Amino acid sequence: MKLSYFVSGKRETVNAEPCFCNEYDVIVCGLGTAGSIAAISAGELGLKVLGIEFFNVLGGTSTAGGVNGLYFGTEGGYAEEFIKKYLSYNERITSLSIESRKLVLDEMAMESGAGFLLESSVSGVFYEENKVKGIRCITKGEIKDFSCSVVIDSTADAFVARMLGCDYEWGRESDFNTQPYTMINLVKNAEDGKAHIKNVDFGRIDQRNPKQVSDAYVFSRAYENPDIDRVKERTMLPMELIGVREGCRIIGEQTVTLKDVFAGKPAEKTVFYSYADLDKHGDDVAFDGEEFCDWNIGANMGAINVTVPVPYGALIPKGKDGILVACRALGVDRNISSCVRMIRDMFKIGEVASAAAYLSVRNKCSVRDIDYKELKRMLEESKCLDERVNYGYREDKVTVNGEKLPPGKIEFITDENKLVEALETNRPGVAIWSARLMGERCFNVLEKALESENENLSKHSAFALALCGNKKCLNVLRKTAKEKDGFILNDCRKHNRMRGWMAVYLLGRLRDREAVDILCDILTGGNVYKDYEYYVVRDKTRRFPVKGLELVYFQFVSLALAALLKIGDEHADTREKIIKAINKAFYEGFEREFTDQPELSCKFQMVSNMKTIAQNKIKEW
Amino acid sequence: MYDVAIFGATFACAGFLSAYKGRGIVIERNTLCGYEFINALKKGTCFEEKATTEEGVAFYKKLQKRGVFERDFNLFDSSVPLYECFENKNVCLATQICDVQRCEEGFEIKVFNSGGFDVVKAKQIIDTTCHDEMVISKTLNAIVKSADFLEESGIDERKILKCRVDVKDDFFAARAKLKAELEKGMIADYIAPVFDFVTGENILRKEEITYITSVSFKNPLLAFDAGCRLAKEEF
């Protein structure tokens with residue numbers, strides 16, 4: 001048998017002859033949002049379960065992390081009873097869900113028959129061949145070894161799977177950065193005296209680096225939140241756990257990709273439906289994947305919700321056995337990881353893992369070989385898997401004059417002749433994306449529309465053509481970028497884009513060498529946007545203005561940089577000019593042109609990171 | 001090799017760091033600093049006792065400027081200045097100590113955190129944490145509203161409920177007892193993630209390791225001041 005563990009971030013393996021203290025059917029590592037449900041439901045299924053948790057409370061982000069609401073996700077499943085129960089505690093025993101969840105999870109844990117080690121850490125994994133045999137953990141200062149049939153890795157960043165040597169990805173391709181983390185504070189309203197939570201996005205960290213984690217905890221709590229109105233609000237306490245949104249993604253037996261979801265490719269062995277917008281925090285989306293940027297910037301569909309069928313194979317690390325990854329580190333690509341991570345999704349993935357472990361133990365088979373039909377039946381019975389929540393695309397949580405509208409299903413246009421009408425409006429996103437889905441079929445209509453005197457129609461047709469890879473739109477795009485068109489579209493309840501930004505992105509997408517001068521001018525032209533009417537709230541979006549960041553300037557510059565790097569990649573002869581512009585733009589201390597926030601803040605890091613990305617590319621060239 | 005490793009990111013540790021000129025490293029199992037008072041919701045007593053060190057006085061003034069003493073003592077407003085003491089220092093939060101061994105130059109401390117195992121070497125160790133054998137009693141506290149008879153929290157309309165639990169109770173048992181108290185008609189905004197310990201009087205012990213238990217001081221400012229004093233007089 002082998003034992004693997006990490007030493008100073010590096011994986012080490014030794015031969016081992018462990019003396020196991022106890023034997024379990026299932027060991028759940030990490031009892032956060034997913035792990036707590038996995039351990040409790042596995043216990044209720046009659047399995048012999050051990051749950052191991054670093055904190056002294058179950059629930060992770062949904063308790064110690066301060067995330068009070070349920071941001072989308074789909075209804076149904078084992079957790080519904082839990083939700084009902086903790087909501088019944090609100091305003092009776094506790095004022096917030098984060099506290100009532102603690103109490104209810106405690107009760108459920110005690111009733112489940114599972115065993116729990118709180119304030120304990122998993123430090124090693126035992127295995128033979130590629131099959132997990134047990135876990136080493138540190139509890140109350142002692143090292144203890146336990147054997148098990150199945151390990152459910154709910155450690156958020158697949159700590160066990162990584163110790164086992166599973167392949168994984170981290171962060172985005174351009175710079176391996178993850179989304180910014182959040183620190184949530186408990187705040188009291190001066191007016192009505194009610195407690196609520198308030199979060200601030202901070203910089204990026206790599207959770208594998210303990211120094212970065214520690215510094216993040218200290219910095220985010222020493223930081224005076226500029227968004228807290230000191231007259232109306234009173235900060236009470238910072239949460240125990242920072243809200244990390246992203247980290248490891250295992251290479252699973254199946255991997256969910258945004259491309260497949262957009263293509264409507266049917267998922268195999270679906271275990272539940274995830275549902276949210278591609279909720280990307282941080283304003284430097286310019287450096288995210290092109291599939292994501294097409295949706296978020298090119299079509300301005302950022303806050304449109306997407307339903308994602310999650311397959312069972314996304315929980316199984318490729319080539320490994322005896323382990324299920326039930327946390328945000330499941331097998332998804334980076335583009336879609338921002339969507340498949342919400343609290344309800346994590347409840348469901350915990351339930352799926354416990355049901356699969358149950359079948360594996362009961363039928364004495366590997367978790368890889370369980371009968372999907374049986375798993376499906378169990379999940380359908382609890383409504384964890386329910387075809388009725390396969391919502392497709394929807395516009396959700398839209399509020400008009402204080403009234404919340406019911407979710408509106410998005411139907412993409414399939415008749416090219418119907419595109420024009422939609423492209424004339426200030427909500428052209430669905431039509432732009434429909435054109436992308438149609439491809440060549442819509443070229444005639446859109447190329448004609450390019451010539452229209454109607455500014456909306458001409459420009460939005462150019463965006464649609466660009467997303468189809470049709471270069472006939474380039475003149476319109478160049479003009480839109482050059483005039484730094486500040487018109488804000490209105491497709492989404494948040495994250496709406498300016499037309500100037502969209503044009504800059506699309507010029508890069510088409511690798512337009514003729515746009516290099518325009519883009520270099522944007523990069524080096526300074527903040528000419530201050531006197532624009534950009535800072536007037538032109539629609540009801542909540543994104544303008546952003547405190548502590550010259551957002552309009554930042555978006556133009558970051559998108560122009562991303563576009564130039566793509567153009568330079570394709571056209572080597574443009575590189576000299578681009579490098580010259582980069583050197584001029586990113587002088588020492590340029591960050592202060594964009595933000596007055598501290599160096600470890602999300603805003604400062606976003607700005608500063610542009611220089612790193614540019615320098616890395618120049619080195620590559 | 002560090003000159004000193006300090007166990008526990010406590011108020012005493014913050015004081016020590018403020019006055020210490022050598023190379024120190026803080027090792028803390030929790031993700032919090034100053035938790036023994038702030039997050040335990042332990043306000044302390046005897047705020048009339050003055051700080052004896054320059055750094056202790058400066059910290060007091062900083063808190064005063066933030067209005068911490070305007071209504072009784074507001075623990076919560078002391079959080080930001082406390083964390084400022086740990087900024088740009090060698091601090092390892094969420095790091096657990098697995099083993100401490102004597103070595104020729106001092107100590108080898110085996111730790112575990114998100115990077116796995118690691119070894120920290122330090123010439124000396126100061127332990128500011130509270131050990132089980134020092135605990136006389138403990139409570140699990142909560143910030144509550146609708147309970148006039150309880151201790152003021154320092155924030156309008158909010159009180160601190162102290163639920164007495166058995167010294168041996170774990171968090172499952174303690175929260176169950178707290179819930180039973182809350183069901184008598186109180187609503188909790190916040191349930192403390194750490195116990196409020198009552199210990200014997202603090203005595204500075206200099207053995208192989210120096211012990212100065214932060215939570216044993218009458219209030220966080222006295223713990224901070226004692227940490228400053230330790231740095232100035234002993235290190």
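This is a predicted model: local features need pLDDT of at least 70, side-chain atom pairs count only at pLDDT 80 or more; totals for chains, interfaces and linings use all residues.

Modeller: Let's start with helix 7 (residues 290-298) of chain A and helix 12 (residues 429-438) of chain A, whose axes cross at roughly 145° and come within 10 Å. On the helix 7 side of chain A, the contact is made by Glu291(A), Asp294(A), Trp295(A) and Gly298(A), and they meet Ile432(A), Trp433(A) and Arg436(A) of helix 12 of chain A. Sorted by class, that contact between helix 7 and helix 12 of chain A has three nonpolar, one polar and three charged residues.

Now go further along the chain. Helix 18 (residues 551-570) of chain A packs against helix 19 (residues 575-585) of chain A at an angle of about 155°, and their axes are 9 Å apart. Angles over 145 degrees count as roughly antiparallel, so that is how helix 18 and helix 19 of chain A run relative to each other. The crossing of helix 18 of chain A past helix 19 of chain A is left-handed. As for who touches whom, helix 18 of chain A brings Leu561(A), Leu564(A), Leu565(A), Gly568(A) and Asp569(A), while helix 19 of chain A answers with Arg575(A), Ile578(A) and Ile582(A). By class, the residues in this contact of helix 18 with helix 19 of chain A come out as five nonpolar, one polar and two charged.

Definitions and conventions:
Residues are numbered from 1 along each chain as its sequence is written. Chains are lettered from A and ligands numbered from 1 in the order in which they are written. Side-chain values use heavy atoms; hydrogens and water are left out. Axes are lines fitted to C-alpha atoms, for helices over the stretch in contact, and angles run from 0 to 180 degrees between N-to-C directions. Helices (H or I, at least four residues) and strands (E, at least two) are DSSP runs, numbered from the N terminus. Angles under 35 degrees count as roughly parallel, over 145 as roughly antiparallel, 65 to 115 as roughly perpendicular and the rest as oblique. A crossing is left-handed if the near helix is turned anticlockwise from the far one by less than a right angle, and right-handed if clockwise. Contact means heavy atoms within 4.5 Å. Ala, Val, Leu, Ile, Met, Phe, Trp, Tyr, Cys and Pro count as nonpolar, Asp, Glu, Lys and Arg as charged, and the others, Gly among them, as polar.
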